[in-house]
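Reader: I am new to this structure and would be grateful for a close look at a single part of it. Could you please describe the pairing of its aromatic rings?

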Amino acid sequence: MSRRQVHNQKQSKAMDHGQQAIWTEIRRLGIFTITDVWGVVDMHRKSIINYVKRLEAGGYVEQRDDFETSYRYQLVKNTGATAPRLTKEGMPVTQGGANENMWRSMRMMDFFTPNDLIAHSNTDTTTVALTTAKAYCTALTKAGYLRVVQKARPPHHQAIYKLVRNTGPRPPQVQKIKQVFDPNLNKVTYHPDLVKPLGTAT
């Protein structure tokens with residue numbers, strides 16, 4: 001079977017959230033089998049196997065000496081709470097790093113504009129477009145993470161923002177349905193059908 005029955009599923013802080021869920025459990029266990037992870041993370045077993053193979057290719061985990069009989073892996077490169085984003089060859093994925101860089105920049109600056117985010121978030125491997133920076137600021141403002149300190153005055157002055165809800169190191173994710181999911185809190189913090197961000201005062 002590729003899925004477990006609902007009544008057999010265990011609870012996990014990282015449940016139902018892809019590679020991050022797998023990585024969180026691997027870090028907790030240190031030495032593990034695919035079955036160990038599958039026993040906690042609510043995902044298809046094949047998805048877990050595929051991500052572990054990527055971690056192995058990247059040198060994050062390796063097979064134990066008794067792997068042929070125990071099927072155990074060991075975590076050998078613990079890079080922190082955020083799950084490594086890897087290709088099949090184990091190389092870091094650079095696509096989609098814009099939000100990570102912008103969130104890190106927001107947490108470092110007192111006030112910022114979208115152009116400030118671009119200046120502090122562009123790297124050799126990640127380029128943040130102005131439309132991306134503006135869209136992320138807009139989404140996080142709706143979700144209650146940012147406050148507009150000064151409204152935009154087009155065409156020469158962008159809005160100035162301040163981070164007012166710093167929930168942790170992982171960037172809030174703007175999902176396809178325009179809701180915001182916060183991996184630091186493991187919950188949805190904004191949905192477009194709601195007037196107020198989730199978790200804020202009424």
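**Aromatic pairs**

Author: Phe 112 is buried, its relative accessible area being 0%; buried here denotes under 20%, exposed over 50% and partly exposed the range in between, with a 1.4 Å probe and protein chains only. The model is predicted, so local features require pLDDT of at least 70 and side-chain atom pairs pLDDT 80 or more, whereas totals for chains, interfaces and linings use all residues. Residues are numbered from 1 along each chain as its sequence is written, and side-chain values rest on heavy atoms, without hydrogens or water.

Rings of Phe, Tyr and Trp (its six-membered ring) pair when their centres lie within 6.5 Å; planes under 30 degrees apart are stacked, over 60 edge-to-face, and the rest tilted. Trp 103 belongs to helix α5 (residues 98-108), while Tyr 145 lies 42 residues away in the loop between α7 (130-142) and β4 (146-150); helices (H or I, at least four residues) and strands (E, at least two) are DSSP runs numbered from the N terminus. Both Trp 103 and Tyr 145 are buried.

Phe 112 and Tyr 161 form a stacked pair, at 6.2 Å centre to centre and 25° between the planes. Because Phe 112 is in the loop between α5 and α6 (114-121) and Tyr 161 in strand β5 (residues 160-163), this pair ties together parts 49 residues apart in sequence. Tyr 161 counts as buried, at 8% relative accessibility. Elsewhere, Phe 32, Phe 67, Tyr 71 and Tyr 73 are linked into a cluster by ring pairs.
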